[in-house]
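Open the model in your viewer and keep the selection tool at hand. The stops below each say what to select and what is there.

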Amino acid sequence: METPIENNELALTEVNPETQPNKRRKKKSIVWEHFTIETVGAGCRRACCKQCKQSFAYSTGSKVAGTSHLKRHIAKGTCTLILRNQEKNQLSPYSAPSKMGGAGSASEPPKRRYRTSSLMSVPFDQDRCRHEIARMIIMHDYPLHMVEHPGFVAFVQNLQPRFDMVSFNTVQGDCVATYLREKQSLLKFIEGSPGRICLTLDLWTSRQSVGYVFLTGHFIDMDWKLHRRILNVVMESCPDSETAFSHAVAVCLSDWSLENKLFSITLNQPLGEIGIEYLRAQLSIKNPLLLNGQFLVGNCVARTLSSMALDVFGAGRETIKKIRDSVKYVKTSESHEEKFLELKQQLQVPSTKSLFLDDQNQWNTTYEMLVAASELKEVFSCLDTSDPDYKEAPSLDDWKLVETLCTFLKLFYDAASWLTSTTTIPTTNTFYHEMWKIQTELARAATSEDPFISNLTKPMQEKVDKYWKDCGLVLAIAVAMDPRFKMKLVEFSYPKIYGDEAASAYIRVVDEGLHELFLEYVALPLPLTPTYADEGNPGIMKAEDHSEGGGGGGGGGGLPSSYGLSDFDMYIMETSTQQMKSELDQYLEESVLPRVQEFDLLGWWKLNKLKYPTLSKMARDILSIPVSSVAVESIFDTVGKEMDEYRSSLRPETLEALICAKDWLQYGSSPPEMSNALVKMEF
């Protein structure tokens, strides 16, 4: 250990005037990994390249030449040895080979870098760059032709001159290869999921009169997480035919090997009786229909809500136009908006909402515009006093009508908002509460003495009743799978929906359907994947692990003689069946759990799957049934989706690859190294 005196001597040595110029500042530039400083005379030092031994001016007396010319020597390819090594290792011409082999390079410890620089060695990989271009095009919906646009070509050549630009056909093949790689990963994921899969079908139109059916799969994985993935985009030449949907479903089942795993289908538009029967007949061949196929076809709740919202807008069309024109008057002129805000401040209107013009293809924006304008109606009523150009202020009757319309719209808006979450997918049971609330409020409004309200309510009631008729049983069984409600909520709510006399019959239908479905799960268990078998049957040992006849490891571990046990297996099956039948009743008879807002329903079933091994399998499938068939961004659409002209011009296989891969990549991607194993795509 050094003494204080030795430390002082070291300190004095470091400030010695003769060595101070070298110790005053540590050289941080990365160029000093490639140069050494040599003294060639009194007060004259030169920088010598470690590779080619060429020397450059560095300092003469107190003047220092800097390092710019040294950087140019190693970065721009002036040094022949560095350039040769760059070509050998495929380094960028703007990179410096700081880790190249050389005299003493293997034994020298790595030097600490104090700042990053463009001189850092980055290997150039043509295939990796192509992979990233394909990902960029997929993720951002860029046109495939962009790789041939002069501006993009010039940008890439200036960024990396060594990159060989790709053509339209090449990048198309790269995008399809990315799709195929991600598809293999998703296929394994779905195969490992223990439950059934539910499909939604969303039909898009196009100017070419062909349709595109988007098929999205919904399923719950081993960890009881609900997933949603676009599986196929199938072009249909006759989208209005009765067989369009059944053909698309058949393509999906074959493509993803989903025979015997399909549980339900949710459509975004009504399907005629012929189409439904055709679909059921086709699917029942290879896919057993549980509960006589009552879960097979369901309607999209988002379309039902949008249709009822349009009924409201139609009833108040003239008034809504007045409000829209008033908002437009304020928002399209800066001076008008300033006067409006000044008047709002003078009147001390407490509303914090801001005016905005609606998008008439998104009904939620019209509702929000009406709410904001209604809260600022005092300002609109007085605006003509401070702004003489404003002449068409809505009347008091108009504002009363807006309040009535917003009362209905709020019901639909609150229900649809459950579907707009981008982080969590709502389970089926959630919408029992929303549809029950809507049905109850519409029934109350139908008895109103105001003829406008009662007449407005009738068409909406018809739509809700139809939805409830088609999907009410699914929603009721789903809410019964919620331990906070079970059958108690059905027993409580049905009298309010159907009346006391008729309610008991409808409650009996739900109870019988629930028990019948459970018995079908007992008698016809789901096709067991290895993971499913392990999950549902913990502790099962393989037959070969036992030794017959009592041999083996002592302690009574062997099987006894089979004498007298010929009917034992049949007895076990009978008693086990009786035991399994009571599993549902045991669940229903137990007390409901306290109602907690942030209750994790799927997490509860995950914890109780051993207590309810069969019922948990049924709950997994029921709770994965989707109530909406449209994408999150289309929940409030008032018009159907149309494929744009560019996408319609692509090959159907390419279009499907681009749309599906974009959906899958948002959940993470497979490593690009797998691309070597893919079959090359020829176009």
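## Stop one: the largest cavity

Sorted by class, the lining of the largest cavity consists of 10 nonpolar, 6 polar and 1 charged residues. This is a predicted model. The cavity has a volume of about 130 Å³. To find it, select Thr266, Gly298, Cys471, Val474 and Ile625, which are the closest to its centre among the 17 lining residues. Next, colour S8, strand S9 (297-299) and H17, the elements that each give two or more residues to this lining. Which of them gives the largest share? H17 does, with 5 residues.

## Stop two: along H17

Show the side chains of aspartate 311 and lysine 463, which meet in a salt bridge at 2.8 Å, N to O.

Now select lysine 466 and aspartate 470, whose side chains form a salt bridge at 3.0 Å, N to O. Both residues lie in H17, 4 residues apart, which is about one turn of the helix. An α-helix has 3.6 residues a turn, so residues three or four places apart point the same way. Lysine 466 is partly exposed at 45% relative accessibility, and aspartate 470 is partly exposed at 31%.

Move to helix H15 (residues 396-417), where aspartate 414 and lysine 410 sit 4 residues apart, about one turn of the helix. Their side chains meet in a salt bridge at 2.7 Å, N to O. Aspartate 414 has 25% relative accessibility and counts as partly exposed; lysine 410 is partly exposed too, at 42%.

Then select Arg128, Glu132 and Arg135, which are linked in a network of salt bridges. How many salt bridges are there in the count? The count comes to 24.

## Stop four: H8 and what follows

Select helix H8, residues 244-256. The helix has 13 residues and reaches 19 Å from its first C-alpha to its last, close to the 18 Å expected at 1.5 Å a residue. Colour the buried residues of H8: Ala244, Phe245, Ser246, Ala248, Val249, Cys252, Leu253 and Trp256.

Step just past the end of H8 to serine 257, which takes a positive phi of about 55°. Continue into the loop between H8 and strand S8 (262-267), where asparagine 260 is found. Asparagine 260 is not a glycine, yet has a positive phi of about 70°. This residue is partly exposed, with 34% relative accessibility.

Finally, select the loop between helix H12 (334-347) and helix H13 (363-375), and pick out glutamine 348. Its phi is near 55°, a positive value in a residue other than glycine. Is glutamine 348 buried or exposed? Glutamine 348 counts as exposed, because its relative accessibility is 66% and the cut-off for exposed is over 50%.

Conventions:
Residues are numbered from 1 along each chain as its sequence is written. This is a predicted model: local features need pLDDT of at least 70, side-chain atom pairs count only at pLDDT 80 or more; totals for chains, interfaces and linings use all residues. Side-chain values use heavy atoms; hydrogens and water are left out. The expected span of a helix is 1.5 Å times one less than its number of residues. Buried means under 20% relative accessible area, exposed over 50%, partly exposed in between (1.4 Å probe, protein chains only). A salt bridge is a side-chain nitrogen of Lys or Arg within 4 Å of a carboxyl oxygen of Asp or Glu. On a 1 Å grid over the protein atoms alone, a cavity is a set of points where a 1.4 Å probe fits but cannot get out, and a pocket is an open set with protein on both sides within 12 Å along at least five of seven lines; lining residues have an atom within 4 Å of a point. Grid points are joined across faces, edges and corners, and a volume is the space filled by probe spheres set on the points. Ala, Val, Leu, Ile, Met, Phe, Trp, Tyr, Cys and Pro count as nonpolar, Asp, Glu, Lys and Arg as charged, and the others, Gly among them, as polar.
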